[in-house]
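The report below goes through strand pairing and helix packing in turn. Definitions are given where each term is used.

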Amino acid sequence: MVAVIGYGNMLRGDDGIGIVAVRQIKDFVKGLNVDTYEYHQLTIDVLPVLSVYEKIIFIDCSTDISHGEVLCHQIESDNTFTLTMTHHLTPQQILQLLEVLYNKNPSGYICKVGGRAFDFGCGISKEVKDSTPRLIEDCMRLIKD
Amino acid sequence: MPKEIVIEPVTRIEGHGKVTIFLDDNNDVKDARFAVTQFRGFEKFVEGRPFTEMPSIVERICGICPVSHSLAASKACDAILGVRIPSPAIKIRRLLNCGEFIQSHALSFFHLSSPDLLLGFDSNPKERNIVGIINAYPELAKSGIRLRQIGGHIVEWLGKKRVHPAWVVPGGVNEPLSLEHRDMMLREIPEALEITQKTLRFFKGMIEDFRDEIRTFGNFPSMFLGLVDANGNWEITDGYLRFIDSRGHIVADMVEPSRYKEFIGEAVEEYSYLKSPYYKPLGYPNGMYRVGPLSRLNICNGFSTPLANREWAEFRDLERGPVLSSFYNHYARLIEILAVIELEEQLLNDPEILDTHIRAYASVNENEGVGCVEAPRGTLFHHYKVNKEGLMQWANMIVATGNNNLAINQSVLQVVQHYIKGQEITEAMINRVEAVIRAYDPCLSCSTHAIGQMPLIITLVDCMGKVIDRLSRD
């Protein structure tokens with residue numbers, strides 16, 4: 001079973017690309033053993049939902065890479081973090097908590113695209129929009145691997 | 001020379017607050033203040049909006065208790081429409097509130113307060129958080145996450161969204177409960193009950209370990225306010241206001257919430273954006289009262305569900321009159337989770353819950369309306385005035401944490417007087433100051449969040465502004 005999670009804020013420009021992408025992916029995975037989810041943020045509440053999957057793919061926008069660049073890679077669990085707020089977790093922290101709490105070790109992947117515009121407002125920048133087919137293609141490859 | 005200790009921000013609460021402790025020349029505590037440092041302004045910027053938008057606008061006040069705001073707003077709007085909403089709509093609104101209570105109380109107990117309760121107030125602050133709980137008590141942490149999920153499901157399955165569902169509307173709700181979702185909710189009830197009863201037993205078994213905190217965490221006489229039903233029993237969505245005094249005598253009862261201004265005055269202090277409501281007949285600040293789980297259990301005659309009623313009777317045996325220590329909010333919260341799960345089951349087994357007559361329609365018939373519900377943290381009032389076109393002219397909101405403002409200040413003062421000795425600030429002292437605030441589960445506004453980790457800096461400053469001690473937590 002594969003879970004594909006798009007997360008971000010649709011009201012903050014490119015930050016919503018994870019959700020835009022996962023909505024498109026939903027159409028491509030019909031008949032496959034894949035579930036898609038949309039989240040505003042990753043919180044502890046997603047753990048029971050994700051505890052049944054063998055592979056989890058997170059889709060997000062990134063400020064660490066160039067505008068429109070697409071990067072997909074495997075991620076490992078992070079066992080070094082402390083947490084004083086429960087409002088946001090990283091994909092690596094999700095994997096760690098799945099291991100500690102549910103004794104589950106799914107393979108985890110992050111697919112991200114470099115965002116340019118994060119101001120208030122709906123809509124995706126041209127750079128990110130142009131990269132969306134590539135982002136979806138890479139996600140689909142990971143799903144089918 | 002007088003000095004100040006500032007704790008800012010207070011951690012593991014919803015929103016941003018600050019505590020200032022004033023010391024005298026002998027380093028004895030002179031005063032302490034709890035202040036909310038963020039400004040929201042909802043009451044002002046809703047002016048001019050159509051009143052029908054209010055439930056959707058005001059639920060953005062909060063990410064944890066949006067349901068409470070949308071319910072209070074819709075009830076105020078029902079009054080403006082001048083309609084009696086259909087019985088099935090009353091019932092599914094109540095069901096929605098059950099969902100919010102489960103998820104919010106679970107968050108407060110398992111995520112925010114259990115690190116203090118289970119790992120200890122003096123434990124390593126780097127581990128005293130939800131991850132510490134996950135490592136030390138994985139089964140309990142899982143239970144808390146699951147309980148929150150079950151509460152969240154109720155909200156999500158009714159409102160189509162877990163946070164900010166635009167489902168409660170003036171005149172009722174905009175979609176009925178489906179048979180499929182009714183059955184899905186029913187299937188989760190046994191597990192929710194099991195988790196809650198197990199946690200309650202666990203907590204009752206350890207309560208003796210907190211004698212010192214029970215004695216000093218907001219343990220003082222005060223009035224209590226909350227809603228009760230027509231029989232005087234515990235109530236969270238409809239009903240009447242009841243005030244009791246510190247000895248348990250009822251001083252105002254069966255008060256229609258629309259008459260709240262006859263009983264509640266609102267004071268403001270220049271150091272905080274949170275107003276300080278008080279019981280009007282006693283004046284400010286003598287009219288301090290408390291709301292929330294502890295208060296609701298103190299004011300009611302009992303519960304209308306058997307398991308919660310049994311727990312309530314045991315709880316009330318703690319003291320002859322009202323239970324006064326705010327530390328017992330944790331205990332009361334668990335009993336309330338039990339109550340809302342039982343109530344949820346009753347509602348789901350009522351055939352009318354699936355009825356599709358869920359909304360009454362009308363145009364503006366009154367120019368003013370008041371809505372009142374119990375939010376998880378306490379009594380919440382929304383009061384609106386509109387013009388004949390239905391555009392908002394004026395709004396007043398008294399949120400649960402505001403109702404508790406005077407009591408939180410008093411509680412902070414009690415804790416610092418007990419724990420602060422001399423000029424040195426210790427982490428354990430800071431944590432107890434924060435923990436007494438957490439006991440009230442204040443919601444200072446969930447729409448403002450820290451990014452990443454939340455730093456805590458405490459500075460001891462003399463009256464000339466010179467920093468004489470400083471302690472920071474990453």
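## A strand hairpin in chain B

B:G17 stands opposite B:V36 in β3(B). The model is predicted, with local features needing pLDDT of at least 70 and side-chain atom pairs counting only at pLDDT 80 or more, while totals for chains, interfaces and linings use all residues. Residues are numbered from 1 along each chain as its sequence is written, and chains are lettered from A and ligands numbered from 1 in the order in which they are written. Helices (H or I, at least four residues) and strands (E, at least two) are DSSP runs, numbered from the N terminus.

Strand β2 (residues 17–23) of chain B pairs with strand β3 (residues 29–36) of chain B in the antiparallel sense over 7 bridges, where pairing requires that DSSP find at least two bridges between two strands. The two form a hairpin with 5 residues between them, and B:N27 in the turn has a positive phi of about 65°. In a regular strand the side chains alternate between the two faces of the sheet. In β2(B), the covered face holds B:G17, B:V19, B:I21 and B:L23, whereas B:K18, B:T20 and B:F22 belong to the uncovered face.

Chain B has 15 helices and 16 strands. Of its 474 residues, 52% are buried, a residue being buried if 20 or more other C-beta atoms lie within 10 Å of its own, exposed if 12 or fewer, and partly exposed in between, with C-beta atoms placed from the backbone. Among contacts in chain B with a separation of 6 or more, 70% are between residues 24 or more positions apart; a contact means that the C-beta atoms of two residues, placed from the backbone, lie within 7 Å.

An open sheet of 4 strands in chain B has the order β8-β7-β6-β11, with mixed pairing. Its edge strands, each pairing on one side only, are β8 (250–255) and β11 (289–290). Strand β7 (residues 240–244) pairs with β8(B) in the antiparallel sense over 3 bridges, and the bridge partner of B:I244 in β8(B) is B:I250.

## Helix α12 of chain B and its two partners

The axes of helix α7 (residues 179–206) and helix α12 (residues 329–348) of chain B come within 9 Å and cross at roughly 155°; axes are lines fitted to C-alpha atoms, for helices over the stretch in contact, and angles run from 0 to 180 degrees between N-to-C directions. α7(B) and α12(B) are therefore roughly antiparallel, since angles under 35 degrees count as roughly parallel, over 145 as roughly antiparallel, 65 to 115 as roughly perpendicular and the rest as oblique. The residues of this contact divide into 13 nonpolar, 4 polar and 3 charged, where Ala, Val, Leu, Ile, Met, Phe, Trp, Tyr, Cys and Pro count as nonpolar, Asp, Glu, Lys and Arg as charged, and the others, Gly among them, as polar.

Helix α11 (residues 306–316) of chain B packs against α12(B) at an angle of about 160°, with the axes 8 Å apart, which makes α11(B) roughly antiparallel to α12(B). The contact is made by B:L307, B:A308, B:E311, B:W312 and B:F315 of α11(B) and B:Y331, B:A332, B:I335, B:L338, B:A339 and B:E342 of α12(B). By class, these are 9 nonpolar, no polar and 2 charged residues.

## A helix pair in chain A

Helix α1 (residues 17–28) and helix α4 (residues 126–144) of chain A pack at an angle of about 50°, with their axes 10 Å apart, and are therefore oblique to each other. Residues that meet there include A:I17 and A:V20 in α1(A) and A:V128 and A:T132 in α4(A).
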